[in-house]
Amino acid sequence: MAHPEEMSFRCTVCNSCFSRRSSLLTHLETHIEEMQSENKEIGNNQNLKTHLESGDRSNLFQCKGCKMAFSTGRGLASHRKSHTEDKLSGCTICNKMFKKRYLTAHLRTHTGEKPYECSVCNRSFRHDSNLRSHLATHKDEKPFECAVCNKKLRTSFSLRLHLRTHTGVMPYECTVCKRSFRQRPHLVMHLRIHTGERPYGCTFCNKKFSDKRNVEVHERIHTGEKPYECSVCHKKFNQHPHLTAHLRYHSGEKPFECLVCHKKFGQVGEFRLHIRIHTGEKPYECTICNKKCSQSSSLRVHLRTHAKKV
């Protein structure tokens, strides 16, 4: 058996080494059929062997789609993916079309599969990108600061979206009603109002939703999951907005200010009720005597007066 230092004849295609030129030429026969199928310009077998032996590999593998040439078969195989990855494939359940790399993730909306689990709180997600965003909620780091209001955010993407609240930019417009949105997902969700589409189904009760986030929140009714915990009193909530509102009871923050009397409120619900004092709005109407009330609780109290009469 020849030692490595004696093997001076190397195949320029697969880097196999041989101690004799005749052995190399015999070996090159194994690449001939593949070479000719990929590059018609190489010609006959003898020309191909001469080309391979010379070490000139610049045009050995040629893409039939765009004629781009590669020096290795592996390079060509990798390049071919650029021609196939963007082709659309149909979902076998709802017949929607997706690029191949997105189809697997889409199918999880039907199966309910959530393979990406948070190592901190064990919450699961359908997409790895959602898990990465969620993991940031367990950290206190917010390195991106708004130059206008000094609000700090966890990601540069969140900062870009936030800046639109100051600039008023709403680049996504509904083609039906011309309403505009700051984010594309908000437009997609809005369009379902016009189409009536509800593609996201609860895996427990088959109730359907237009927004997949609403499905996740709804399913917590069935599972009892409350992933958001108050760091002060340890009370838990099934939705993050509920935790945010609860924290204001501890901080005393009152971000909602009445433009008429400048009274401030910590909860948006309290703020809306207060506004009705100024507007005179009474959206809750008694079905018996048509009396109107500004609050649902007031209507319930009123309905008892009819129950007593009966």
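User: Which residues of H7 are buried?

Analyst: This is a predicted model, where local features need pLDDT of at least 70, side-chain atom pairs count only at pLDDT 80 or more, and totals for chains, interfaces and linings use all residues. Residues are numbered from 1 along each chain as its sequence is written, and side-chain values use heavy atoms, with hydrogens and water left out. Buried means under 20% relative accessible area, exposed over 50%, partly exposed in between (1.4 Å probe, protein chains only). In H7 the buried residues are Leu187, His190 and Arg192.

User: Which strands do the buried residues of H7 pack against?

Analyst: Helices (H or I, at least four residues) and strands (E, at least two) are DSSP runs, numbered from the N terminus. Contact means heavy atoms within 4.5 Å. The buried residues of H7 pack against E11 (172-173), E12 (180-181) and E13 (200-201).

User: What distance does H7 reach from its first C-alpha to its last?

Analyst: H7 covers residues 184-195, twelve residues. The expected span is 1.5 Å times one less than the number of residues.

User: Which residue follows H7?

Analyst: The residue after H7 has a positive phi, near 75°. This residue is Gly196.

User: Why does His218 count as buried?

Analyst: His218 lies in helix H8. Leaving aside neighbours within four places in sequence, His218 is in contact with Cys202, Cys205, Lys207 and Phe209. His218 is buried because its relative accessible area is 11%.

User: Which element gives the most to the lining of the second largest pocket?

Analyst: Strand E8 (124-125) and helix H8 (212-223) each supply at least two lining residues. The most, four residues, comes from H8.

User: How many residues of the lining of the second largest pocket are charged?

Analyst: Asp, Glu, Lys and Arg count as charged; Ala, Val, Leu, Ile, Met, Phe, Trp, Tyr, Cys and Pro as nonpolar; the others, Gly among them, as polar. Two lining residues are nonpolar and four polar. The charged ones number seven.

User: What share of the residues in the protein is buried?

Analyst: The secondary structure comes to eleven helices and 20 strands. The protein has 310 residues. The buried share is 25%.
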